[in-house]
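Subject: Structure handover

Hello,

Here is the structure I said I would pass on. Please open it first, then read the notes below.

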Amino acid sequence: MKIDEMTKKNKTTDRRVIRTLNSLHDAFLELLSTTDLSKISVSELSQKAGINRKTFYVYYSDVEDLLEELETRLISKFMPILEGIRNSHGIMDPYEFVKIFTSIINEDVEVYRLLSKRQLLPHFITKVKDMAIDVFITHFDLDKEPDAIKYHYFVDYTAAGILSVLSKWISDHSSMTLEEFTDITMRMSVNAFYGLVDNN
C-alpha cells in the first residue's frame with residue numbers, strides 16, 4: 001500500500017514528502033510483521049524508514065497515530081459503496097454490495113491479516129461496523145419507525161455477525177477461498193437485508 005493522497009493537515013503533495021511517508025508506512029508494516037505495536041519505537045521506525053526522529057514528528061505524534069492513518073486509509077476504500085447505499089432510493093442489491101465489499105477486503109488482505117496477527121483487527125472491525133450500521137439505519141429510514149430500537153438491535157446483530165465471519169476469514173488465511181467467503185457472506189447478507197425489509 002502506497003500513500004498517494006494526503007488527508008492529514010499540513011501534508012503537501014511534494015514528492016519528497018510522499019517518499020518519506022511511503023518509507024514510514026512500509027517500515028511500519030515491516031516492523032509490525034515481527035513486533036507488537038507496543039514495542040515499536042519511533043527511533044526504530046525512523047531508522048528503518050531512513051529518516052531522523054524529528055522528521056517523523058513532523059507528520060505523526062506517535063506510532064499509534066501512524067496506525068490510525070493506516071486504518072483511516074483502509075476505511076476510506078469502503079466509503080463510496082457505503083455512501084452510495086446511504087444516498088440511494090429503493091432496495092439495495094445485496095449481491096452487488098457483498099461482491100464489491102469482499103473485493104475491497106481482498107485488495108489489502110495481507111495488511112488485514114497483519115492487523116489480525118497483532119490483535120489490532122477488532123478495533124478496525126468495530127469502526128467499520130459502526131459506520132455500516134449508521135448507513136443502513138439511514139438507508140431504510142429506521143429511526144422513523146415506531147419500533148426503531150428493535151431495528152437498531154437487528155442491524156447491529158446482523159452487522160456484527162457478518163463482520164465476525166470476515167474477521168475469521170482474514171485470520172484463517174487460506175482455509176477458504178475468496179469465492180467461498182463471498183458466497184457465505186452473501187447468503188448471510190441477503191437473509192439479513194430481506195429480513196429487515198420484510199419487517200420494516
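Is Glu-107 buried or exposed? Glu-107 is exposed, with a relative accessible area of 56%. Its side chain meets that of Lys-77 in a salt bridge (3.8 Å, N to O). Lys-77 sits in the loop between H4 and helix H5 (79-87), while Glu-107 belongs to helix H6 (residues 94-107), 30 residues apart. Lys-77 counts as partly exposed, at 31% relative accessibility.

Please keep in mind that this is a predicted model. The protein chain has a mean pLDDT of 82, and 84% of its residues reach 70 or more. Over residues 1-12, however, the pLDDT is below 50. Where pLDDT is low, the predicted coordinates should not be read in detail.

The salt bridges come to 11 by count. One of them joins Glu-71 to Lys-127, with the closest N and O atoms 2.8 Å apart. Glu-71 is in helix H4 and Lys-127 in helix H8 (residues 121-139), 56 residues apart. Glu-71 counts as buried, at 1% relative accessibility, whereas Lys-127 is partly exposed at 23%. Glu-68 is linked with Glu-71 and Lys-127 in a network of salt bridges.

Another salt bridge is formed by the side chains of Lys-129 and Asp-156 (3.4 Å, N to O). Lys-129 lies in helix H8 and Asp-156 in helix H9 (residues 148-171), so this pair ties together parts that are 27 residues apart in sequence.

Lastly, helix H1 (residues 15-32) has 18 residues. Its buried residues, including Val-17 and Phe-28, pack against H2, helix H3 (53-59), helix H4 (63-76) and helix H7 (109-117).

Regards

Conventions: Residues numbered from 1 in each chain as written. Predicted model: local features only at pLDDT ≥ 70, side-chain atom pairs only at ≥ 80, totals over all residues. Heavy atoms only, no water. pLDDT = per-residue confidence, 0-100. Contact = heavy atoms within 4.5 Å. Helix = DSSP H or I, 4+ residues; strand = E, 2+ residues; numbered from the N terminus. Expected span 1.5 Å × (residues − 1). Buried < 20%, exposed > 50% of the residue type's maximum accessible area, 1.4 Å probe, protein only. Salt bridge = Lys/Arg side-chain N within 4 Å of Asp/Glu carboxyl O.
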